[in-house]
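Subject: Structure for your review

Dear colleague,

Please find below the structure that I am handing over to you. The findings follow directly after it.

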Amino acid sequence: MAIRLQHKGDLALDALRLRVYTIAFPIGMCALVIVYILDYVQGTVTQFQRIGHPIIAIATISAAVVVSRNPRYLRAIERLGFVFVALFMVVRFWAIIFESTVVSSRQMLITFPQWLPMVYFMAFLMFKTRQALFASVAFYGLLLIPVLVIMMQNGLR
């Protein structure tokens, strides 16, 4: 069994990413709470948000605690975090597309695009370039599935 030693550049990059996450975790949590409160006040909170936001909060806090106590798990937490966020966004988009309540779908569709850059930023922060490109293309492909399904059902109108 071969052990891969980290280069000094890898360690420096890990330290930089830890600093970014130290800032990003609290900002992300505040944004999540603010979005939820605004949607609640406006009466536009969906069932998806009632379930999804607490799950995101618990996962984010758990990841921050694990990485702060043991930074060697950084890479594993990053990969899990990316998969979690990307799948959350895909499921949210699918919920928007197939949601039965038109008003809540329209509201969610308006706010959804502002979060898309975060997924691509995360991919290129967490992975090497080739892996980030693959993850980004896979994410984009998953977003296209409901659009393609609708196009096949309804044609191009």
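Helix 3 (residues 74-98) has these buried residues: L74, E78, F82, A86, F88, M89, V90, R92, F93, A95 and I96. Here buried means under 20% relative accessible area, exposed means over 50%, and partly exposed lies in between, with a 1.4 Å probe and protein chains only. Helices (H or I, at least four residues) are DSSP runs, numbered from the N terminus.

Please note that this is a predicted model, in which local features need pLDDT of at least 70, side-chain atom pairs count only at pLDDT 80 or more, and totals for chains, interfaces and linings use all residues. Residues are numbered from 1 along each chain as its sequence is written, and side-chain values use heavy atoms, with hydrogens and water left out.

The 25 residues of helix 3 should span 36 Å at 1.5 Å a residue, and the 35 Å between its end C-alpha atoms agrees with this. The expected span is 1.5 Å times one less than the number of residues. For helix 2 (residues 47-69), the 23 residues should span 33 Å, and the end C-alpha atoms, 34 Å apart, agree. Its buried residues are F48, Q49, G52, H53, I56, A57, T60, A63 and V67.

The axes of helix 2 and helix 3 come within 11 Å and cross at roughly 170°. Axes are lines fitted to C-alpha atoms, for helices over the stretch in contact, and angles run from 0 to 180 degrees between N-to-C directions. The two helices are therefore roughly antiparallel to each other, a term for angles over 145 degrees.

Contact means heavy atoms within 4.5 Å. On the helix 2 side, the contact residues include F48, G52, I56 and V67, and on the helix 3 side they include L74, F84, F88 and R92. The residues of this contact divide into 13 nonpolar, three polar and one charged. Ala, Val, Leu, Ile, Met, Phe, Trp, Tyr, Cys and Pro count as nonpolar, Asp, Glu, Lys and Arg as charged, and the others, Gly among them, as polar.

Turning to helix 6 (residues 129-154), S136 lies within it. S136 is buried, with a relative accessible area of 8%. Apart from neighbours within four places in sequence, S136 is in contact with Y120, A123 and F124.

F139 in helix 6 and Y120 in helix 5 (residues 116-126) link distant parts of the chain, 19 residues apart. F139 is buried, at 2% relative accessible area, while Y120 is partly exposed, at 25%.

Yours sincerely

Methods. Angles under 35 degrees count as roughly parallel, over 145 as roughly antiparallel, 65 to 115 as roughly perpendicular and the rest as oblique.
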